[in-house]
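This briefing covers metal sites, strand pairing and charged side-chain contacts. Please keep the sequence and the structure in view while reading.

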Amino acid sequence: MALTKKGEFWYGTTSGDTQAELRSYSVANRHEATRFAASKCDCGCRTFALQSDEDAGLAIRTCTDCGEEHLMGDSADHLEGSEPETHECVCENEVFELMSGVSVVEGSHKVRWYYIGCHCVECNLVGVFADWPCEADDAAAFLAKV
Ligand SMILES: [Zn+2]
Ligand SMILES: [Zn+2]
């Protein structure tokens, strides 16, 4: 599959498309994402509502099947004083498949920047809906919690 552009937005169908869009966004941001993980609820569901607060460095995903709320990555460390806002697609849908990506500090496993790529389950839009500088110590442990 491949990404296609309509107007100013990109559309795709697979998690690979979302990953490709995330990577190209991260290259433009000068912190290339090199490690990725797709979100999956403990119940097996892969679609979520997403809330984030980029200033606080926090994202919460809510499973559309079982309703479980999950703090993504190291978000639990940034909950205090945060004001998360719900993301909505340009088509007004609020349900997404989520792909996380991180750039790491060169020669280490430390996270440098965190990106959250979304794929709208209604209109197939893909895009990075949130990203922020991040200082988690271990990229693998971080991505195991997205
Ligand atoms: Zn669930
Ligand atoms: Zn949409």
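The site of the zinc ion (ligand 1) is tetrahedral, with angles of 102 to 116° among its four donor atoms. The model is predicted. The zinc ion (ligand 2) also sits in a tetrahedral site, where the angles among the four donor atoms are 106 to 113°. Two salt bridges are found in the structure.

**Zinc ion (ligand 1)**

- The donors to the zinc ion (ligand 1) are the SG atoms of Cys41, Cys43, Cys63 and Cys66, at 2.3 Å.
- Along the sequence, the donor residues of this zinc ion (ligand 1) follow the spacing C-x1-C-x19-C-x2-C.
- Cys41 is buried, because its relative accessibility of 4% falls under the 20% cut-off.
- Cys43 has a relative accessible area of 40% and is therefore partly exposed.

**Zinc ion (ligand 2)**

- Cys89, Cys91, Cys120 and Cys123 coordinate the zinc ion (ligand 2) through their SG atoms, at 2.2 to 2.3 Å.
- The sequence spacing of the donor residues for the zinc ion (ligand 2) is C-x1-C-x28-C-x2-C.
- Cys120 is buried, with 0% relative accessible area.

**Strand 9 and its neighbours**

- Strand 9 spans residues 111–120, and nine of its 10 residues are buried, which leaves the strand mostly covered.
- Strand 8 (96–104) runs antiparallel to strand 9, and nine bridges join the two.
- The hairpin of strand 8 and strand 9 has six residues between the strands, and Gly107 in the turn has a positive phi of about 75°.
- Strand 9 also pairs with strand 10, again in the antiparallel sense, over seven bridges.
- Across that pairing, Trp132 in strand 10 is the bridge partner of Tyr114.
- Strand 9 and strand 10 form a hairpin as well, with four residues between them; Asn124 in the turn has a positive phi of about 70°.
- In a regular strand, side chains alternate between the two faces of the sheet.

**Salt bridges**

- One salt bridge joins the side chains of Arg23 and Glu32, with an N to O distance of 3.0 Å.
- Arg23 is partly exposed at 39% relative accessibility, and Glu32 is partly exposed with a relative accessible area of 37%.
- Asp137 and Lys110 also form a salt bridge, in which the closest N and O atoms are 3.2 Å apart.
- Asp137 lies in the loop between strand 10 (125–133) and helix 2 (139–143), while Lys110 lies in the loop between strand 8 and strand 9, so this pair ties together parts that are 27 residues apart in sequence.
- Is Asp137 buried or exposed? Asp137 is exposed, because its relative accessible area of 56% is over the 50% cut-off.
- Lys110, the partner of Asp137, is partly exposed at 41% relative accessibility.

Methods:
Residues are numbered from 1 along each chain as its sequence is written. Chains are lettered from A and ligands numbered from 1 in the order in which they are written. This is a predicted model: local features need pLDDT of at least 70, side-chain atom pairs count only at pLDDT 80 or more; totals for chains, interfaces and linings use all residues. Side-chain values use heavy atoms; hydrogens and water are left out. Donors are N, O and S atoms within 2.8 Å of the metal (3.2 Å for Na, K and Ca); water is not among the atoms, so sites may look incomplete. Four donors count as tetrahedral if all angles lie between 85 and 135 degrees; four count as square planar and six as octahedral if opposite donors are over 155 degrees apart and all others between 65 and 115; anything else is irregular. Buried means under 20% relative accessible area, exposed over 50%, partly exposed in between (1.4 Å probe, protein chains only). A salt bridge is a side-chain nitrogen of Lys or Arg within 4 Å of a carboxyl oxygen of Asp or Glu. Two strands pair if DSSP finds at least two bridges between them.
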